[in-house]
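Visitor: I'm new here, so could you walk me through what's on the screen?
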Amino acid sequence: MSFARAASTILGKELRTEFRSRELLGTTLVFVLIVLALFSFAFDPTREESRHFGPGLLWLALLFAGSLMLQPSFVREQSNDTLAALRLAPVDPFSILAGKIAANFLFLLFVELILLPVFAMFYNVGLTAVLGRVVLVLVLGAAGISVSGTVFSAVAAQARMRELMLPLLLLPALTPVLIASTEEMVGLFGNPPETQTVWLVVLVCCDVVFLTAAWLFGEYLLEE
Amino acid sequence: MQDAEGSAPPVRAAISLGAIVAIAVLLAAASYAALVVAPTERTMGLIQRIFYFHVPSAWTGFIAFFFVAFASVAFLRTRRPKWDRLAVSSAEVGVACFTIVLITGPIWAHPVWGIWWTWDWRLTSTLVLWLLYISYLILRMMVDDPERRAVVAAVFGIFASLDVPLVYFSIWFFRTQHPQPVIGDGGHLDSRMAWVLMLCWAAVLAVMAVLIRVRVRLEALRAEVDALRMRGSGTSR
């Protein structure tokens with residue numbers, strides 16, 4: 001089976017699992033909403049401040065959400081030992097990982113796109129002029145979180161206290177993604193909106209580096 | 001750990017007495033040079049002498065973290081447990097070095113800048129780096145099966161080391177864009193200061209080498225004990 005077909009089969013399986021159970025997306029959406037609401041109590045921003053701090057809070061909330069929602073990606077396979085079954089398939093082991101990365105990317109992007117208008121309303125930012133560029137940042141950020149998050153979820157699944165291990169491994173590693181996507185968004189929501197190419201480059205670099213590392217070394221995580 | 005079972009070669013002493021004496025002499029000479037020989041810095045005074053151990057610790061820590069990446073790749077390619085032992089030993093020594101950096105830094109900063117900490121790019125990225133490798137060590141504690149532990153730690157170690165340049169660049173760019181306390185570290189070093197710094201670095205490097213060696217041996221002994229215990233309880237796999 002070709003790499004693309006194997007990966008898209010895994011992707012289909014992940015999406016089907018989620019749409020049958022509907023556990024992950026709804027819970028994560030509500031989680032991010034709660035965090036966004038609590039931030040407004042913790043910092044009590046004025047209108048001007050909220051435009052400035054908003055993007056940072058949004059990305060912090062998304063990072064936390066990612067470190068929680070990527071957990072089941074491999075843990076779910078453990079309860080019935082289905083990862084062993086997947087490994088038996090005569091396909092490139094990276095295609096299993098790639099399918100899961102793609103699924104997690106779509107889940108995260110879905111959460112981001114639903115939350116974007118809510119965020120814009122809560123934190124008083126104008127979206128219409130910069131919508132395309134904001135979506136680009138969301139896509140690049142979601143890619144960074146989902147690639148490293150899926151790999152680290154496979155790492156954490158083999159550890160004790162795995163619910164705590166994933167955030168511990170993931171959050172410091174995602175510092176560059178947090179900085180770049182936050183700064184880029186602060187620029188976009190500024191007056192006048194400003195595109196900072198350097199942060200887009202950093203985001204692309206993170207995505208490329210994480211993806212390359214996952215491609216080169218990820219398959220070791222799947223072996224027995 | 002297959003090689004520790006059965007006819008494992010006897011573990012040699014990690015380091016000879018002569019080497020210990022030589023390193024002790026080197027360390028004493030370096031301390032003497034840093035505290036007495038090096039000229040007192042004009043504006044900062046005596047507190048600047050902490051720099052002779054602060055900077056070498058940071059350089060040595062980077063080298064130790066480089067060993068982690070190298071040993072992790074080598075382990076995944078060869079599957080020989082000695083590389084995993086080198087990785088964990090280097091990570092611990094690197095974390096120790098950066099702990100020294102993070103402790104001596106504020107001790108120096110308080111009298112000189114008037115504050116213990118500032119979110120300057122160098123301090124911030126050092127802190128994130130330290131946290132990354134602390135996570136690596138915690139991960140190792142949390143995986144029980146030695147072979148799984150070696151593999152997942154190697155993959156995470158490689159990811160962490162690839163992440164380091166991204167962390168440094170993004171924090172550097174982020175911080176230099178924003179107003180921050182001015183940190184005067186420009187100018188050039190007095191030649192006496194420079195050789196004292198090099199002597200101290202040599203001493204710290206020697207200590208790193210000894211610690212890694214001793215730690216690798218300890219890890220080998222642990223693996224041997226685990227293997228013996230497993231055989232004793234009849235659950236050897």
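Here is a short chat about this predicted model.

Visitor: How many helices and how many strands are there in chain A?
Guide: Walk along chain A from the N terminus and the elements read α-α-α-α-α-α-α-α-α-α. So the tally by the DSSP runs is 10 helices and zero strands.

Visitor: Which radius of gyration does chain A have, and why does it agree with a compact globule?
Guide: Chain A has 224 residues, and a compact globule of that length would have a radius of gyration near 17 Å. The C-alpha trace spans about 55 × 30 × 30 Å along its principal axes. The value for chain A agrees with the globule because it is 18 Å.

Visitor: What share of chain A counts as buried?
Guide: To count, a residue needs 20 or more other C-beta atoms within 10 Å of its own. Of the 224 residues in chain A, the share that passes is 46%.

Visitor: Among contacts in chain A between residues at least 6 apart in sequence, what percentage join residues at least 24 apart?
Guide: Contact here asks for C-beta atoms within 7 Å. Taking the pairs at least 6 apart in sequence, those joining residues at least 24 apart make up 83%.

Visitor: Which helix gives the most to the side of chain A that touches chain B?
Guide: The contact takes 26 residues from chain A and 26 residues from chain B. On chain A, α7, α8, α9 and α10 each supply at least two residues. By class, that side of chain A has 21 nonpolar, three polar and two charged residues. With seven residues, the one that gives the most is α10(A).

Notes. Residues are numbered from 1 along each chain as its sequence is written. Chains are lettered from A and ligands numbered from 1 in the order in which they are written. This is a predicted model: local features need pLDDT of at least 70, side-chain atom pairs count only at pLDDT 80 or more; totals for chains, interfaces and linings use all residues. Helices (H or I, at least four residues) and strands (E, at least two) are DSSP runs, numbered from the N terminus. The radius of gyration is taken over C-alpha atoms; the globule rule is 2.2 Å times the number of residues to the power 0.38. A residue is buried if 20 or more other C-beta atoms lie within 10 Å of its own, exposed if 12 or fewer, and partly exposed in between; C-beta atoms are placed from the backbone. Two residues are in contact if their C-beta atoms, placed from the backbone, lie within 7 Å. Ala, Val, Leu, Ile, Met, Phe, Trp, Tyr, Cys and Pro count as nonpolar, Asp, Glu, Lys and Arg as charged, and the others, Gly among them, as polar.
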